[in-house]
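Student: I have a new structure to read. Please walk me through it, one feature at a time.

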Amino acid sequence: MIIDAHSSTPLQRYKILSNTITPRPIAWVSTIFPNGGINLAPFSFFAPISVNPPIFSLCIMQKSDGSQKDTFRNITQSKRATISMCELSHLEALQNSSNELDFNVSEASEFGISLEIIESNYPPVPQGIKVAFMCELYDVLELGDSKSVLLEAKSFYIADEIYTQDLNFLPQFIGRVGRIYKSPGSQIFLQNNHEKKD
Ligand SMILES: Cc1cc2nc3c(=O)[nH]c(=O)nc-3n(C[C@H](O)[C@H](O)[C@H](O)COP(=O)(O)O)c2cc1C
């Protein structure tokens with residue numbers, strides 16, 4: 001089967017990419033609303049695209065009413081975001097934080113997700129995070145309907161309990177949570193809001 005990309009629908013394209021490029025790690029992104037509240041949202045169209053400088057891309061689609069997602073609005077306004085790599089223990093909170101709430105309504109407050117400040121100049125992270133990247137906006141790529149933000153990590157947080165001087169952490173100490181991660185006998189499946197349009 002060959003599917004023509006141009007004549008396929010956005011949902012078909014989304015499903016093909018989403019179901020074939022797996023597993024994808026999840027960026028759990030914290031940003032700050034103009035009212036000071038903290039926005040949290042997971043993104044799986046996320047990748048490190050450069051090492052020097054350390055830059056991540058985040059593909060941010062639109063809300064169901066076609067407006068920009070809060071994460072995009074906050075990043076373009078405040079120019080900052082913190083990306084957390086979440087732990088298994090965060091799964092429920094991560095899933096809750098993908099709910100579509102009104103602008104200026106914090107998922108952290110709404111779902112009782114406790115936060116901690118790693119660096120005072122950057123949005124706080126959910127408590128218990130072991131790896132986070134404090135980022136500044138590097139660029140915005142306007143790619144058709146979706147917008148990809150490029151975020152440059154200005155500092156790296158590695159919790160003392162997993163940090164080693166040679167930086168060769170053992171993978172089992174890092175949260176292995178992704179869009180679909182399968183380990184023998186278990187499967188973690190995170191339902192993405194976009195798939196609910198089926
Ligand atoms: C596992 C998972 C992965 C997601 N990945 C993306 C993504 O890559 N891009 C996107 O636009 N939305 C993605 N979403 C949906 C957003 O998290 C959701 O639209 C959220 O409400 C956006 O919040 P915001 O408006 O506060 O930015 C994902 C949701 C889940 C549960």
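**Reading the fold, step by step**

Student: Which share of the contacts in the protein chain with a separation of 6 or more comes from residues 24 or more positions apart?

Tutor: Two residues are in contact if their C-beta atoms, placed from the backbone, lie within 7 Å. Here residues 24 or more positions apart account for 63% of the contacts in the protein chain with a separation of 6 or more. Keep two points in mind. This is a predicted model: local features need pLDDT of at least 70, side-chain atom pairs count only at pLDDT 80 or more, and totals for chains, interfaces and linings use all residues. Residues are numbered from 1 along each chain as its sequence is written.

Student: How many helices and strands are in the protein chain?

Tutor: Helices (H or I, at least four residues) and strands (E, at least two) are DSSP runs, numbered from the N terminus. The protein chain has 4 helices and 11 strands.

Student: How do strands join into a sheet, and what is the order here?

Tutor: Two strands pair if DSSP finds at least two bridges between them. In this model 7 strands form an open sheet, ordered S2-S1-S5-S8-S9-S4-S3, with antiparallel pairing. The twist averages 35° from one strand to the next. Axes for such angles are lines fitted to C-alpha atoms, for helices over the stretch in contact, and angles run from 0 to 180 degrees between N-to-C directions.

Student: Which pairings should I trace?

Tutor: Begin with S1 and S2. They pair in the antiparallel sense over 6 bridges. They form a hairpin with 5 residues between them, and Gly36 in the turn has a positive phi of about 90°. Ala27 has Phe43 in S2 as its bridge partner. Next, 3 bridges join S1 to S5, and these strands run antiparallel. There, Trp28 stands opposite Ser84 in S5. Then look at S4 and S9, antiparallel over 6 bridges. Cys59 stands opposite Ser148 in S9.

Student: How many residues of S1 are buried?

Tutor: A residue is buried if 20 or more other C-beta atoms lie within 10 Å of its own, exposed if 12 or fewer, and partly exposed in between; C-beta atoms are placed from the backbone. In S1 (27-32), 6 of its 6 residues are buried. Both faces are covered: Ala27, Val29 and Thr31 lie on one side, and Trp28, Ser30 and Ile32 on the other. Across the protein chain of 198 residues, 27% count as buried.

Student: What does H2 touch on the sheet?

Tutor: H2 packs on the sheet and touches S1, S2, S4, S5, S8 and S9. Its direction makes about 55° with that of S1. An α-helix has 3.6 residues a turn, so residues three or four places apart point the same way. In H2, the buried residues are Asp70, Thr71, Phe72, Asn74 and Ile75. Just after H2, Lys79 takes a positive phi of about 70°.

Student: How many residues are in the largest nonpolar core?

Tutor: In soluble globular proteins, nonpolar side chains tend to be buried together. A nonpolar core is a set of buried Ala, Val, Leu, Ile, Met, Phe, Trp, Tyr and Cys residues joined through C-beta atoms within 7 Å. The largest one here has 33 residues. Those with the most contacts inside it are Ala27, Val29, Phe43, Phe56, Leu58 and Ile83. S8 gives the most to this core, with 5 residues.

Student: Finally, which residues are closest to the ligand?

Tutor: A residue is near a molecule if its C-beta atom, placed from the backbone, lies within 6 Å of it. The ligand is surrounded by 22 residues, and the closest are Ala41, Phe45, Lys69, Asp70 and Thr71. S2 gives the most to this shell, with 4 residues.
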